[in-house]
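Colleague: Pick one part of this model for me and go through it slowly, please. I'd like the strand pairing, with the loops and side chains that go with it.

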Amino acid sequence: MIIVKKSWGKGFATEAAYACVEIAINHGEVQVITASASPENKGSLKVLEKIGFPFKCMKWFEDTEQEELYYEYRI
């Protein structure tokens with residue numbers, strides 16, 4: 001999800017993340033939602049914490065070529 005910079009800090013990312021979790025819960029077949037964010041991306045980390053995603057571990061991601069914080073939300 002990408003939100004333009006002038007909209008940062010207004011709660012849009014949190015609301016969108018909540019909506020995605022609700023859709024997954026209501027879908028009935030989803031068991032786990034995963035998410036990751038760069039340690040430097042404080043805004044994304046704050047959103048994940050706000051919506052209740054538990055931190056699992058640090059994990060290497062080939063696509064970003066870096067270690068990121070990895071979260072798992074079990075439904």
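Modeller: Quick bit of bookkeeping: helices (H or I, at least four residues) and strands (E, at least two) are DSSP runs, numbered from the N terminus. The model is predicted, so to speak of a local feature I need pLDDT of at least 70, and side-chain atom pairs count only at pLDDT 80 or more, while totals for chains, interfaces and linings use all residues. Residues are numbered from 1 along each chain as its sequence is written, and side-chain values use heavy atoms, with hydrogens and water left out.

On that basis the protein has two helices and three strands, and reading along the sequence gives α-β-α-β-β. The three strands make an open sheet ordered E1-E3-E2, with antiparallel pairing; two strands count as paired if DSSP finds at least two bridges between them. The edges are held by E1 (32-37) and E2 (55-61), each with a single partner strand, so one side of each has no neighbour in the sheet. From one strand to the next, the twist averages 35° (axes are lines fitted to C-alpha atoms, for helices over the stretch in contact, and angles run from 0 to 180 degrees between N-to-C directions).

Let's take the E1 side. E1 and E3 are joined in the antiparallel sense by six bridges. Ala37 has Leu69 of E3 as its bridge partner, and Thr34 has Glu72 of E3.

Thr34, in strand E1, is worth a stop. Its relative accessible area is 44%, so Thr34 counts as partly exposed. Leaving out residues up to four places away in sequence, Thr34 touches Phe53, Tyr70, Tyr71 and Glu72, where contact means heavy atoms within 4.5 Å. Arg74 sits 40 residues from Thr34 in sequence, with 8.7 Å between their C-alpha atoms.

Now the other side. E2 pairs with E3 (residues 66-74), again antiparallel and over six bridges. Lys59 has Glu68 of E3 as its bridge partner, and Trp60 stands opposite Glu67 in E3. Trp60 itself belongs to strand E2, and its contacts, not counting residues up to four places away in sequence, are Glu65, Gln66 and Glu67. Asn41 lies 19 residues from Trp60 along the chain, and their C-alpha atoms are 16 Å apart.

That brings us to the turn. The hairpin of E2 and E3 has four residues between the strands, and Glu65 is found in this loop. Phi of Glu65 is near 50°, a positive value in a residue other than glycine. For context, most residues other than glycine have a negative phi. Glu65 has 61% relative accessibility, so Glu65 counts as exposed.

Of the 75 residues, 27% count as buried. Taking contacts between residues at least 6 apart in sequence, 49% join residues at least 24 apart. The protein exposes about 5,700 Å², with carbon and sulfur atoms supplying 54% of that (accessible areas come from the Shrake-Rupley method with a 1.4 Å probe; for residues, only the protein chains shown count as cover). As for charge, there are 9 positive and 11 negative side chains, and the centres of the two sets lie 10 Å apart. Lys and Arg count as positive and Asp and Glu as negative, while His and the chain ends are not counted; each charge is placed at NZ of Lys, CZ of Arg, CG of Asp or CD of Glu.

Methods: Buried < 20%, exposed > 50% of the residue type's maximum accessible area, 1.4 Å probe, protein only.
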